[in-house]
Amino acid sequence: MTTTADTDRRTMPEGAEDTRPERSERGRRLLAGRDPLAWLIGAVTLLIGAVFVVIDLAYNQGNLIAPLDDVYIHLQYGEQFGQGQPFRYNDGDPVSTGASSLLYAFVLGAAYAIGFQGSLFLVFAVVLGVVCLAVTAGLTYHLGRTLVGRTVGVWAGVLVAVSGPLQWGAASGMEVGLTALLVMATLLSFTRERPGERFVWTPVLAALLAIVRPEGMVFALLLVGAMLWTLRGARRAGRLRGGAWRAAAWTLLPLVTTAGQYLFYRIATGTFSANGVQSKSFLTHQPVFYLGEFVDQVMHNVRGAIGFFNGTTNQDFAFPGALAVFLLGLAYLLATRRTWRPLLVVIGLGFAGVVLSVSTLNTALIHELRYFHPFMPLYLLLIVCGAYALSRVARNERSRRIGLHTALVVVLLFSLVALPVWGVRLGREAATIRDTDVSVGAWIRGNLPADAVVGVKDVGAIAYFGDRKVVDTIGLATNGLAEASNNGTGSLYEALWRLPEEDRPDYFAVYEPRPGAPMQPLIDAGVLGAPIAVFPVRAPFDLDGRRIVPFTDTKVYPANWQLAGSGERSPVDGDVRDYLNTGALDSEEHHDYEPRMALTGLQPESLLRRQGNVIDSGRVIVGGETFTAHNLKPGEPLTIASRVLAPGQVKSVRVLVNGQDVGTWRFSAKDNEWTVEEFTVPADAVTSSTATIELQPERPLLAPYPEYTSFGYWFLQ
C-alpha cells in the first residue's frame with residue numbers, strides 16, 4: 001500500500017491523507033518510476049547541468065577543469081584505488097583518510113579501473129554528478145508527491161533543476177550529486193516501505209548514505225531510529241510476528257557501516273578521526289581547546305549558515321525569508337501527516353544535525369557552502385510545502401491554487417535570476433584553479449626531478465598533475481601532520497624533519513596565508529631557500545572581491561635540512577638526564593607538557609627561530625607551563641637549562657616542583673634574541689626519578705604576566 005495525499009483529487013477532504021492504493025494502470029506506472037513528469041524534470045536538470053559544463057569549458061579553452069582543488073584530492077585517491085593502492089595518496093604511502101567521502105573513493109576507483117583515465121577521469125566525475133542531480137530532481141518530485149501531492153512534487157523538482165548551488169556542486173566533480181541522490185533515495189524508499197512495515201532497501205541506501213559524507217551519516221543514523229520506531233509499533237499492534245528480530249537487526253545496517261568506517265580509520269591511522277576533521281575541526285584546529293571559544297566559533301558558523309539559507313546574504317542561495325517558509329512547511333507536515341511523522345522528525349533533526357556538525361569546521365562557510373549542497377533538494381521541497389501551507393489560508397480551492405502558484409513563481413524567478421551567476425562562478429573558479437594549482441602541478445612535472453618529494457599546502461591538483469610524491473603540510477593526505485600544522489610552524493618543522501630522509505620534502509610549493517601553518521618562519525630560518533618559481537594569481541576577482549583561492553601567489557622553494565635537529569643539542573655542559581623539546585608534539589606528550597595561559601583564549605602557538613647555526617622550535621607563553629622530567633637521580637640537585645626569548649616586561653616565574661615552591665627563576669633574556677637560562681632545584685626537592693615542574697606567574701591574576709618563548713628544557717644532574 002502506498003500512502004499519498006494528492007491535492008489534485010477533489011474527493012479528498014482538506015488536510016486528510018489518502019491511504020488508498022493506486023488502482024489504475026497509470027497509477028502503477030507512476031509508482032514504478034515511469035512518470036513522464038519525473039523524466040521531464042530530470043531532463044531539464046540534465047540540460048542545465050550540460051550548460052554549466054559548457055561554461056566551464058568556455059572559461060578554460062575547451063578543457064574541463066574542476067572549480068576546487070579538493071576535487072583533485074578525490075581524483076588522486078581514486079586513481080590510486082584503481083591502480084591497486086587504495087587510500088594511499090602516494091605509491092607506498094601508509095593508508096590515509098584525506099578523502100572526505102569513503103564511498104566516492106570506491107566509485108572513482110572503480111571508474112578508473114574500467115578505463116576512465118587521463119582527461120576522461122574528471123569527465124566521469126562531472127558527468128556522474130550531473131546525472132545524479134538529474135535523478136535527484138526526479139526523486140524530489142516523487143517524494144513531494146508522496147508527502148503532499150503532485151503539484152508540490154512538480155514545483156519541488158523544478159526548483160531543484162534550476163538551483164544554482166546544486167548545479168554548481170553537481171558539475172564541480174565533488175560527491176555532491178551522489179550524496180544528494182542518496183539522501184532523496186533513502187527518504188523516498190522509507191515512504192515506499194513504511195506502509196508495509198518492512199524495510200528492505202531503506203537500510204541499504206542509508207548504509208551507503210552513512211559512508212558517502214559525514215553529514216549523510218547524521219540522516220542515516222536518525223533513519224535507523226525511525227525504522228526501529230515503526231517496527232516497534234507494528235510489533236506492539238501484532239502486525240509483525242515472524243522474523244521481528246531479524247527485521248530489526250537489518251535496519252541496523254547503517255550503524256554497522258558507520259562503525260566499520262571509524263574502525264577502519266582507527267586501524268589504519270591510529271585515530272577514529274579522519275584527517276580532514278583533525279585539520280579543520282574547531283575541536284582540534286588550535287593548540288589548546290577552550291570550550292567557550294569552541295561554542296562561540298560554532299555559533300558564528302550557525303548564524304552564517306542561517307543567513308545563507310534565509311536569503312539574507314549576497315550568495316544567492318535562497319530568497320529572503322526562505323528559512324521561515326521551510327520551517328512552516330515542516331511544521332505543516334508534522335501537524336497534518338501523521339503517517340509520516342517519524343520521517344518528518346528525522347528530516348527536522350537531520351537538518352539541525354547537519355548544520356551543527358558542519359559548523360564545527362573552520363571551512364563551513366567557504367567554497368560556496370559545498371557541505372550543505374546535498375541537502376538543498378530536501379530544503380527546496382520543504383519550502384514548497386511551506387508555500388502550500390500558506391495557500392491553505394484561502395477559503396476556496398481556486399484561490400488556493402492561484403496563491404500557491406503565484407508564490408512559487410516568485411521563488412522560481414529568484415532561482416532563475418541567480419542561475420547564470422552560479423554558472424559564471426563555476427567557470428571563473430575553474431579558471432582560477434587552472435591559473436594556480438593546476439599550473440603549479442604541470443610546472444612541477446616538467447621541471448623537478450622525477451624522484452623529488454614536494455611539500456605542499458593544496459595537495460590536490462599539484463599531486464594529480466605534478467606526478468611527484470607529495471607531503472601535505474596541512475595533513476589531509478599525510479598522516480600526523482594535521483595536528484602539527486594546527487600547532488604552528490615550529491611543530492610542523494619538527495614533524496617534517498623527523499620524517500624518514502626519503503620522505504622528507506626536497507622542495508616546497510606553498511603560499512603564505514592560512515589554511516595551514518605560516519611558511520615565512522621556514523624561509524627566515526633558511527629551511528626554505530630562494531624561490532625557483534613564482535606563480536602570481538592572475539584570475540580576476542568576482543563581484544564580491546574574492547577568489548576561490550585565499551592567496552595571491554604560490555612559490556616553489558628548494559629545501560635545506562642541513563641544520564635540522566640542531567636545536568636538540570644541550571646548550572650547557574653536564575649529564576643530561578632528560579630533554580623536553582617544546583613544539584615537538586611527541587616530546588611534549590611524553591613529558592605531560594601543558595601551557596598554562598594567563599587568559600582564556602590565548603594560544604601557545606609554536607614558532608621557529610634561527611640564531612647562528614641553531615634552528616629550534618618553541619612556544620609563545622603568556623603565563624606559565626607545567627611538565628614532567630624523567631630519569632632523575634633522587635636526592636641530587638637538578639639543573640634546568642632553557643633557551644628563552646623574553647620580550648615582555650615581566651622576566652621571571654615562580655618554580656614549583658611536585659607542588660613545592662623552590663624559588664623564582666629570573667630571566668636575563670634580551671628582546672630580540674634568545675639566551676640560555678639556568679635554574680637549580682635543591683636536592684631535597686628531588687624525591688624520585690620523576691618530578692612535576694610548574695612555572696607560574698608571580699602575580700597569577702593580574703597583568704602584566706610573564707611573556708616569553710620557551711625553546712626547550714634540559715634536565716641535568
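In which sense do strand 3 and strand 5 pair, and over how many bridges? Strand 3 (residues 507–510) and strand 5 (residues 553–558) pair in the antiparallel sense, over four bridges. Strands pair if DSSP finds at least two bridges between them. The model is predicted: local features need pLDDT of at least 70, side-chain atom pairs count only at pLDDT 80 or more, and totals for chains, interfaces and linings use all residues. Residues are numbered from 1 along each chain as its sequence is written, and side-chain values use heavy atoms, with hydrogens and water left out.

- Five strands form an open sheet with mixed pairing, in the order 2-1-3-5-4.
- Strand 2 (469–472) and strand 4 stand at the edges; each has a single partner strand, so one side of each lacks a neighbour in the sheet.
- From one strand to the next, the twist averages 20°.
- Strands (E, at least two residues) and helices (H or I, at least four) are DSSP runs, numbered from the N terminus.

**Strand pairs**

- Strand 1 (residues 453–456) runs parallel to strand 3, joined by three bridges.
- Ala-509 of strand 3 stands opposite Val-456, and Ala-509 also stands opposite Val-556 in strand 5.
- Strand 4 (residues 533–536) pairs with strand 5 in the antiparallel sense over four bridges.
- Phe-535 has Thr-554 in strand 5 as its bridge partner.

**Val-204**

- Val-204 lies in helix 9 (residues 201–212).
- Val-204 is partly exposed, at 24% relative accessible area (buried is under 20%, exposed over 50%, partly exposed in between; 1.4 Å probe, protein chains only).
- Leaving out residues up to four places away in sequence, Val-204 touches Trp-250 and Leu-253 (contact means heavy atoms within 4.5 Å).

Note on methods. Axes fitted to C-alpha atoms, helices over the stretch in contact; angles between N-to-C directions.
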